Amino acid sequence: MPEHTFRVNGETVTVDVADDVRLLWVLRDVLGVTGPKYGCGINVCKACTSHLNGKAVNPCAIPVKALEPDDEVTTIEGLADTVDADLHPMQQAWLDQDVAQCGYCQPGQIMAAVAVVRRAKEEGREISDADLDGIRNVCRCGTYFRIREAIRAGAKAM
Amino acid sequence: MRPRSSGTTDRSPQSPPPAPELGRRRFLGYVLAAPTLMAAAELAPAPAATAADTSSGPGIPTTDITEIVDLNDALTLAAAPTSALITVQVNTDGTVSFALPRAEVGQGITTSTAMLIAEEMDVPLDRVRITLADARPELLFNQLTGASNTTISTYTPVRVAAAVARGRLLEAAAIELGAAVSTLTIKAGEVIGAAGDRIGIGDLARKAAAVTTEAVTAELKPADRFTVIGTPQNRVDALAAVTGRKKFAMDLAVPNALPTMVCRPPTINGKVASVANLDAVRTMPGVTDAVVISTGVAVRARTFGQCIDAVRALNVAWRPGTAASKSDRTVLDELKAAEPSMGLPSVTPTVEETFTFHFRGNSALEPNCAIADVRSDRAEIWSGLKSPIVAKQTIAARLGLPVGAVTVHVTESGGSFGRKLFFDAASEAAEASQKMGKPVKLMWHRADDARQGRAHPMATSRVRASYLGGTVLGYKQRHTSVATDLSHGFGEVITAIAAKLPVGDIGFSETFFQLSQSMPYDFGVYSRVLNETDKGFNTGSMRNVYSPDVTCARELIVDRLAANMGKDPVRFRHDALSDERARAVLDKVADLGNWGRTMPAGTAQGIAVHTEYHAANAVLVEIDCRPETVNRPIRDGVAGPRVTKAVCAVDVGLAVNPRGLEAQMMGCLMDGIAQTLTASLHLRDGAFLEASWDNYFYTRQWNTPPELDIVIMPSSREKPGGAGELGVAAAMAAVACAYARATGTMPTSFPVNHGTLSFEPKPTVPPVPASPTDGLDHAI
Ligand code: FES
Ligand code: FES
């Protein structure tokens, strides 16, 4: 079986798995990294949202062969380490607003939120209602309003 | 007039005296023989114990049964006889453990239960450890999570157990510190003596333990000394949720339980006729097993991705299912044929309308899933289950194992909305594991979950209100629905206690309907009937069950009555409401939401009221139905009218955790918005067309009101009501009323966009879509 080498949450990993297995399953079923969740498998619900080299992506839609050895995959488990703290400011904002209900969508929500704020900052602007409306992550518990509040608060601390 | 046993409930405008409340705070409990202190609650007298009296006597009841006994009383009544088995344990590290015999599905009951214990024992909230109990058949009905009943039914027993523990700790400390119990207090998990000497409860855990089980009495803290109950608290599992450490069923590492998926039929409940390439599929990369099970062909592989590939590769001939050739249109015809008569036309003016509510999916974001490890002599199951006892018994029977040989672990659920009352995935996992002879981690693909999962049944609601001048003389509602499957859990409860309920000899669904529906308005002679038809669908009770549809229809009629009488809709509601708490929440949202303010054409306000679960709720929304808003571009989704603002007021009696209650109301609002505007399943030729969240339009960020205000009314009762589902009905109705006002129409079919199919249906063969490969192109 082919070997694939890349980085996950700061560590280099090598997995022995078929080329076309999507990254979500390599993370969850092979590596046991279960923060990214399955909600659709077709890049719609965004429950699996993680970062690849700092950008939000959906691992359910990335074949593992697309990854290079120096590609850095960050899942919710590794988010705090990117700021060298116990919690990323966005996670703290999530706690402050008590956003999570069942929590199933929340790893993906937080990873998407961080990316959206980073994008706005790179463009030198504040988070707008349009940015928030544009977040596609499904939350079936309907925590959307608290998510909006948390992103605004988290953005200030980022 | 119809006889009572038909399920009609008539009511005259007078209200009965309120049901008696518990006046005492002293309860019996137990200290159980255990190495460390273990306290158990004696059962509390059921508040509705007097309700049975009203069932005797002939004739037509003159009061609405839900004013005497409602579904929650029924469930609380069912729970009472075994509540004594609820135990609170004090550990040597100073923590307190409690295995909650309920399912946490996001509604926050682990947090609210921890609060009850922290309050009664004076220990810090973060030292209370709540886990979910395995299925415990000895609890009979007391392990059913539903009807927003958890806090109502466990509020007293949990506190009694904690109070017993507290009493024992004080007694043990009195010996240790050589002081009288009356001189001791507990603060932050330490017993403190008059001289400031202190001893932690962890140090007392063994000393306070009992060698033999003893009965004791305990006094509950009076409400005026509460420091935890009634204060806003964050969820106890919030940190785990935001760090990805919270474990759901599919996150558990059960040895050798490999990913498993099922290749499902192209029509609802179709069956496998034959499989052409089973052996070839078994040799696909990663695949270990492929077997035919009762619902399709199960494949087990190293990764779920490889399961998806195998499911897509299977070449299966299918037999037609239980809804063969049915479509929305034909089901509507069935409903029309089953609609009961509205009776003779009224001689006074009437407002009359028929509403249609289409099928809706109650999928949670976590799809149906379960882990099963079935051996020849035993089985172990892990799943998010709201009726684990029924699951355990049913699965044991199907596997041919004694009930005692099947262990059912209740995992945290990624949402429920009614779905997790059923154990479809657990049953399948058990069957697949038995047939393969290996442990399986079975998950439904999202497409399966939408197409073959439980749906909220399609229904019609006919309403006729007659009036004269400014007075409503009568109100009739005839609700006709595709049958709702209430069998797993509620059915057993209702059967067991049916004799105690004043509803006569009627079926499960009608009983549930009568017990859950209330009429908040004094509208003269009132009657409601539920009729069901067609059991060919996989249905279930979706969050708030019948109430959203029934309430939506009613509130639209209320608006029209007000218009015909030339009255302001809020004034009209205020004057007609028979319940003070309902009036108070209505007034609150009208005031806070600036009811009646001038708004641009194409935008409007809507307001609605709902009472259930010993609680009252009112919602005011503002909606924007202008074309530029409705048609704003959204990729792979629908835009539709935008609810721009929502104000919600809620009175649940005692709000144990106002912050959690607010969260539940927020979620209910999002459900209500979806049900009125965008979310439905389209049935065509025996199958639902929706296969994912880009087809099934649950509320998304672009539908979320940017302005939201939720007001928790001051405690109006000594006890909590239910909250997890409460807010859906008024939210759905308020959005519908606003939509009607903004568009100048009377919407009669829900959701309002159902007539337009806003997506390209995905193929049904193969039953699940291919996994995309272009993820890198969408990075943000
Ligand atoms: S599972 Fe990846 S987007 Fe839904
Ligand atoms: S918190 Fe449950 S799906 Fe978002």
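Predicted model: local features only at pLDDT ≥ 70, side-chain atom pairs only at ≥ 80, totals over all residues.
Me: Why is Met121(B) called buried?

Reply: Buried means under 20% relative accessible area. Met121(B) has 0% relative accessibility, so Met121(B) counts as buried. The residue is found in helix H3 (residues 109-121) of chain B.

Me: What is Met121(B) in contact with, leaving aside its neighbours within four places in sequence?

Reply: The partners are Val88(B), Val90(B), Val96(B), Ala162(B), Ala165(B), Arg166(B), Leu169(B) and Ile186(B). Contact here means heavy atoms within 4.5 Å.

Me: How far apart are Met121(B) and Val482(B), in sequence and in space?

Reply: They are 361 residues apart in sequence. From C-alpha to C-alpha, they are 48 Å apart in space.

Me: What makes Asn657(B), a loop residue, buried or exposed?

Reply: Its relative accessible area is 9%. The cut-off for buried is under 20%, so Asn657(B) is buried. Its loop lies between strand S27 (642-651) and helix H19 (658-677) of chain B. Beyond its neighbours within four places in sequence, Asn657(B) is in contact with Thr111(B), Met115(B), Thr231(B), Pro232(B) and Gln233(B).

Me: How many disulfides does a search of the whole structure find?

Reply: Zero, over all chains.

Me: What is the distance from Cys625(B) to the nearest cysteine sulfur?

Reply: That sulfur belongs to Cys737(B) and is 13 Å away. The limit is within 2.5 Å, and Cys625(B) is in no disulfide.

Me: How much space lies in the second largest pocket, and which residues are closest to its centre?

Reply: About 750 Å³. Of the 33 lining residues, Asn269(B), Thr295(B), Asp424(B), Arg454(B) and Asn538(B) are the closest to the centre.

Me: Which elements and domains supply the lining of the second largest pocket?

Reply: Helix H10 (388-399) and helix H11 (424-436) of chain B each give two or more residues. H11(B) provides the largest share, six residues. Domain 2 (249-318 + 368-443) and domain 3 (329-361 + 454-750) of chain B each contribute at least three.

Me: How do the lining residues of the second largest pocket divide into nonpolar, polar and charged?

Reply: Eight are nonpolar, 15 polar and ten charged.

Definitions and conventions:
Residues numbered from 1 in each chain as written. Chains lettered and ligands numbered in written order. Heavy atoms only, no water. Helix = DSSP H or I, 4+ residues; strand = E, 2+ residues; numbered from the N terminus. Buried < 20%, exposed > 50% of the residue type's maximum accessible area, 1.4 Å probe, protein only. 1 Å grid on protein atoms, 1.4 Å probe; cavity = no way out; pocket = protein on both sides within 12 Å on 5 of 7 lines; lining within 4 Å. Points joined across faces, edges and corners; volume = space filled by probe spheres on them. Nonpolar A, V, L, I, M, F, W, Y, C, P; charged D, E, K, R; others polar. Domains from an automatic or database assignment.
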